[in-house]
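Please read them with the coordinates open.

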Amino acid sequence: MKNYFLVTTITANPFDNKHIKKIILNTIGQLQKGREHLKVRICDPFSNKQTKRIQGTSLITNDLNPKFNATYNLEFNDFGEFAKDQNFEFDLILFDPPYSLSQLKRQYEGIGQLLPQWQCRRMWTRGKDALAKCVRPGGIVISLGWNSQGWGKHRGFEKVALYNFEQSGREGQYNIQLVIEKKIQHSITDY
């Protein structure tokens with residue numbers, strides 16, 4: 001696994017940060033190699049208003065907040081189950097959820113969704129379990145957050161790279177971790 005450390009301006013939208021945008025676009029480019037006739041299938045399950053359409057890709061977005069123009073407006077865990085039940089297959093998942101309980105409460109309760117206790121403790125487990133089955137072997141998950149946990153070997157992924165982004169000129173502020181993981185399983189029975 002490769003480790004990188006960068007000092008940058010942290011933005012709320014990954015595509016607004018030149019370093020993160022470059023990582024995402026390079027990953028898409030790597031996925032397109034040898035598959036020029038096929039579109040890279042991307043899933044952004046917490047799309048907010050951020051995901052950019054990129055030439056040579058197809059995009060499925062989800063955001064609980066109906067004010068955002070997402071393909072679906074489901075709670076993440078429900079979206080994961082829905083995607084698995086519909087046999088969606090993705091080459092890339094951009095996993096950029098709310099990083100903390102306060103961000104989660106602000107986003108969900110701000111649109112009238114109350115948070116059950118289980119969601120506060122194990123917020124994304126069920127959705128990750130379901131969506132992991134939708135990533136094709138060799139596919140990628142890019143996770144952003146305050147930790148480097150990612151999706152894990154127990155879901156069939158191996159860490160490829162870890163980026164630590166430190167706030168530029170803001171000593172004492174939080175860092176953002178970006179984890180790139182590759183699905184290493186060869187068939188659904190391996191999981």
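1. At the start of helix H1, a side-chain oxygen of Asn17 comes to within 2.8 Å of the backbone nitrogen of His19. A polar contact here is a pair of N or O atoms within 3.5 Å; within protein, one must be able to donate a hydrogen and the other to accept it, and residues adjacent in sequence count only if both atoms are side-chain atoms. Helices (H or I, at least four residues) and strands (E, at least two) are DSSP runs, numbered from the N terminus.

2. The model is predicted: local features need pLDDT of at least 70, side-chain atom pairs count only at pLDDT 80 or more, and totals for chains, interfaces and linings use all residues. Residues are numbered from 1 along each chain as its sequence is written, and side-chain values use heavy atoms, with hydrogens and water left out.

3. Helix H1 covers residues 18–32. H1 is followed by Gly34, whose phi is positive, near 75 degrees.

4. Which residues of H1 are buried? They are Ile20, Ile23, Ile24, Thr27, Ile28 and Leu31, where buried means under 20% relative accessible area, exposed over 50% and partly exposed in between (1.4 Å probe, protein chains only). Seen down the axis of H1, the buried residues fall within an arc of 130 degrees (taken from the directions from the helix axis to the C-beta atoms), so they line one face of the helix. An α-helix has 3.6 residues a turn, so residues three or four places apart point the same way. On the other side of H1, Lys18, Lys22 and Gln30 are exposed.

5. The buried residues of H1 pack against S2, S3, S4, S5 (135–145), S6 (157–167) and S7 (176–183), with contact meaning heavy atoms within 4.5 Å.

6. Strand S2 (residues 40–44) is mostly covered, with 4 of its 5 residues buried. S2 runs parallel to S3, joined by 5 bridges, and Val40 stands opposite Thr57 in S3. S2 also runs parallel to S4, joined by 2 bridges; there Cys43 stands opposite Ile93. Two strands pair if DSSP finds at least two bridges between them.

7. Asn77 lies in helix H2 and, at 0% relative accessibility, counts as buried. Its side chain reaches the backbone nitrogen of Gly127 at 2.6 Å.

8. A search of the whole structure finds 14 aromatic pairs. Rings of Phe, Tyr and Trp (its six-membered ring) pair if their centres lie within 6.5 Å; planes under 30 degrees apart count as stacked, over 60 as edge-to-face and the rest as tilted. One of the pairs is Tyr72 with Phe88, whose centres are 6.3 Å apart and whose planes stand at 40 degrees, so the pair is tilted. Tyr72 sits in the loop between S3 (57–61) and H2 (76–85), and Phe88 in the loop between H2 and S4 (90–95), 16 residues apart. Tyr72 is partly exposed at 23% relative accessibility, whereas Phe88, at 18%, is buried.

9. In a second pair, the rings of Phe76 and Trp124 have centres 5.7 Å apart and planes at 90 degrees, so the pair is edge-to-face. Phe76 lies in H2 and Trp124 in the loop between H4 (117–121) and H5 (125–132), so the pair ties together parts 48 residues apart in sequence. Both residues are buried.

Methods:
Expected span 1.5 Å × (residues − 1).
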